[in-house]
Amino acid sequence: MRPRPLRYPFLIALLLTAGLAVASPRPVALADLYPVPEQTKSAVVINKVLERYHYRKLSLDPAFAQAVLANYLDALDPSKSFFLARDVSRFEDGGRRLDERLRRGELDTAFDVFRLYRMRVDDRVDYALRLLQGEFDFTRDEHYALEPPEDAWAEDGAELDERWRKRVKNDFLVLRLADRDDADIRERLRKRYEGLARRIEQFDRDDVFQAFMNAYTLALEPHTSYMSPSTSENFDISMKLSLEGIGAVLRADNEYTVVQSTVPGGPARESGQVHSGDQIVGVGQGLDGAFEDVVGWRLEDVVEKIRGPKGSVVRLQLLSKGAGVSARAREVALVRNEIKLEDQAAKSYVIDDLEASQGMRVGVIEIPAFYRDFQAEGEGRRDFRSTTRDVRALIDELVMQGVSGLLIDLRANGGGSLAEATALTGLFIDTGPVVQVKDAFGRVEVESDPESGVLYTGPLAVLVDRDSASASEIFAAAIQDYGRGWVIGEPTFGKGTVQTLIDLNRYVPGEQADLGRLRLTMAEFFRISGGSTQLRGVEPDIRFPTADTVIDHGERALDNPLPWTRISPADYRHLDMAGGAETLSRKSQARIADDLGFRMLTERGKLLREMEERTQVSLNEAQRRAEDERLESAFKGHQDRFLRAQGITPVDEDADPIDEEALEAQREAISRIQVEEAARILADGILLGRHAQPRAAMTN
């Protein structure tokens with residue numbers, strides 16, 4: 001199945017906090033689903049703020065308004081399972097003057113669409129429940145479309161019935177392939193479909209308004225979003241509490257809750273069993289609580305099930321990204337815990353015994369995030385933690401151990417403090433600009449190395465991957481532009497924009513009602529060489545073959561992202577300390593061609609790509625089983641061959657009980673594949689004779 005991009009920023013929740021007190025949700029009467037004056041005021045203010053301050057200039061014309069409507073329909077019905085073509089035509093006809101209505105803050109169209117949507121959900125759920133009472137023939141040669149073609153709304157009720165017949169049959173087959181008996185399957189699906197209708201009935205006017213306004217902001221670009229008063233309150237509470245929970249960012253993708261990313265130091269990341277792209281299909285409380293099927297649930301409701309106090313256990317049923325809709329869900333038990341800054345801190349180790357490296361040792365520094373303890377700093381504590389401070393100490397230790405070069409590992413580093421990215425760059429250059437920031441008014445500010453002097457003068461490389469984003473891209477781009485070191489790995493995420501949070505009430509003096517907040521894109525990052533990190537990310541000097549298996553990912557996978565652009569370069573001096581990239585790349589490719597680890601990673605990437613690109617699946621049980629067994633066998637086969645070559649007995653992650661120490665050794669071996677090759681590349685670069693031996697230098 002093709003990966004669905006993150007289309008709706010309002011569907012993201014950060015699961016870091018302990019449980020919040022939330023009233024039991026109740027059905028909302030259709031008569032209550034109409035806009036109120038406060039929402040009209042919010043819409044007018046949002047228009048004005050976007051027109052004046054958004055980085056991409058807003059032109060509220062008919063074409064833009066139609067894009068808003070299309071986004072809204074896709075947000076409500078991404079699988080095109082509820083609306084008919086004639087509904088969409090009627091909405092479009094009624095929205096011909098939607099731009100004028102939006103300018104005046106008139107929201108009747110948004111609420112009209114939602115009320116019909118809710119009625120259609122009730123109708124479709126009733127039909128699905130009737131289908132469950134019948135029998136399905138799993139020997140027929142027919143297929144289920146994982147995603148409908150663009151704009152392929154059903155022409156009539158009969159076509160929609162056929163889509164739902166195949167959908168229910170597919171849902172049934174998925175559970176059948178997981179060895180559930182038919183009675184259990186019918187009961188599970190009955191609860192799932194009834195739950196879908198129940199949750200849609202709980203949408204109140206704030207939910208409708210937020211959904212519509214985020215369809216509006218998405219028509220500009222994907223990182224601007226609106227938070228209703230209730231969402232804002234939830235956000236404030238989460239920021240004030242200690243960081244407790246499972247440490248994962250979730251998003252809604254069609255009817256699934258998907259892991260967007262995991263947080264360094266959090267239980268999800270530390271378990272090694274929760275990964276970006278995983279679909280959460282069930283949630284259980286405690287060590288033996290019954291699992292609840294959460295397919296089709298609102299994201300907010302799934303979040304409430306996963307949240308809980310520190311020390312308590314939550315169990316998740318997960319389907320791997322691209323594993324196929326009929327794959328067996330794996331179960332992961334997580335202990336909710338406080339996410340400590342120390343767990344996210346930079347760490348180091350040494351790689352030695354590199355073949356053909358003449359005894360060189362490479363120091364590796366892992367940086368999972370660009371962090372800074374602003375609270376401790378504000379309190380005047382001189383020992384507050386920060387990325388740059390921690391890395392400074394690690395460099396001194398590694399140089400004392402006699403390393404020949406440094407490798408900075410930024411894989412899966414989603415960013416963080418801009419000040420830390422700038423200061424960290426300063427450890428490797430004397431002085432000069434690090435990044436340029438252009439705001440919505442065209443003004444350009446240059447962020448520069450805050451201190452003159454160089455801490456480390458020796459050979460340097462930076463390892464990045466497709467999930468290295470934002471501040472990671474700023475650091476890697478600066479090292480590359482200065483020619484200070486080699487950037488190795490995969491093209492990065494491509495997040496080159498800057499957001500700020502705006503309280504809408506500040507624009508309506510004296511307003512008593514809470515109008516909510518706007519997360520606004522107001523600036524863009526540019527490299528000192530002039531090009532943006534937006535969309536394209538940072539292209540490595542030496543590229544790993546795993547990059548070739550990536551299709552749409554990162555910023556490139558989002559709807560309507562800002563384009564790549566460039567401005568004038570900053571004034572800086574190229575250091576020319578990282579030449580010979582073509583030679584290093586050829587030597588690396590020759591090694592990788594015979595490397596079982598990279599062969600495993602590359603073949604795994606190809607399999608995932610094959611699964612992600614599937615547009616349909618068979619509804620024939622025998623064919624479906626055979627296909628899933630083929631993919632699972634290929635996936636495990638490559639991994640097992642690599643592990644056995646490393647002297648590691650493969651661990652069955654589905655075993656119960658499981659050898660946690662052996663599983664951790666297995667994960668570590670896989671994680672080190674790219675690191676060790678990056679260290680060999682750095683050693684090759686040193687042997688080219690372009691660097692003197694490293695030394696630590698006191699900052700002036």
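This briefing describes selected helices, strands and contacts of one structure. The model is predicted: local features need pLDDT of at least 70, side-chain atom pairs count only at pLDDT 80 or more, and totals for chains, interfaces and linings use all residues. Residues are numbered from 1 along each chain as its sequence is written, and side-chain values use heavy atoms, with hydrogens and water left out. Helices (H or I, at least four residues) and strands (E, at least two) are DSSP runs numbered from the N terminus.

- Six strands form an open sheet of mixed pairing, in the order 12-13-14-17-18-21; two strands pair if DSSP finds at least two bridges between them.
- Strand 12 (347-351) and strand 21 (542-543) stand at the edges with a single partner strand each, so one side of each has no neighbour in the sheet.
- Helix 13 (residues 387-400) packs on the sheet and touches strand 12, strand 13 and strand 14; contact means heavy atoms within 4.5 Å.
- The direction of helix 13 makes about 165° with that of strand 13; axes are lines fitted to C-alpha atoms, for helices over the stretch in contact, and angles run from 0 to 180 degrees between N-to-C directions.

**Strand 14**

- Five of the five residues of strand 14 (residues 405-409) are buried, so the strand is largely enclosed by the rest of the structure; buried means under 20% relative accessible area, exposed over 50% and partly exposed in between (1.4 Å probe, protein chains only).
- G405, L407 and D409 lie on one side of strand 14, and L406 and I408 on the other.
- Strand 13 (residues 362-366) pairs with strand 14 in the parallel sense over five bridges; I365 has I408 as its bridge partner, and E366 stands opposite D409.
- Strand 17 (residues 460-464) runs parallel to strand 14 and is joined to it by four bridges; there, L463 stands opposite D409.

**Helix 3 and helix 5**

- Helix 3 and helix 5 (residues 108-132) pack at an angle of about 170°, with their axes 12 Å apart.
- The two helices are therefore roughly antiparallel (over 145 degrees).
- D87, R90 and F91 of helix 3 meet V113, L116 and R120 of helix 5.

- S79 lies in the loop between helix 2 (62-76) and helix 3 (85-94).
- With a relative accessibility of 16%, S79 counts as buried.

**Helix 17**

- The 17 residues of helix 17 (residues 596-612) should span 24 Å at 1.5 Å a residue, and the end C-alpha atoms agree, being 24 Å apart; the expected span is 1.5 Å times one less than the number of residues.
- Buried residues of helix 17 include F598, L601 and L607.

How values were computed: Angles under 35 degrees count as roughly parallel, over 145 as roughly antiparallel, 65 to 115 as roughly perpendicular and the rest as oblique.
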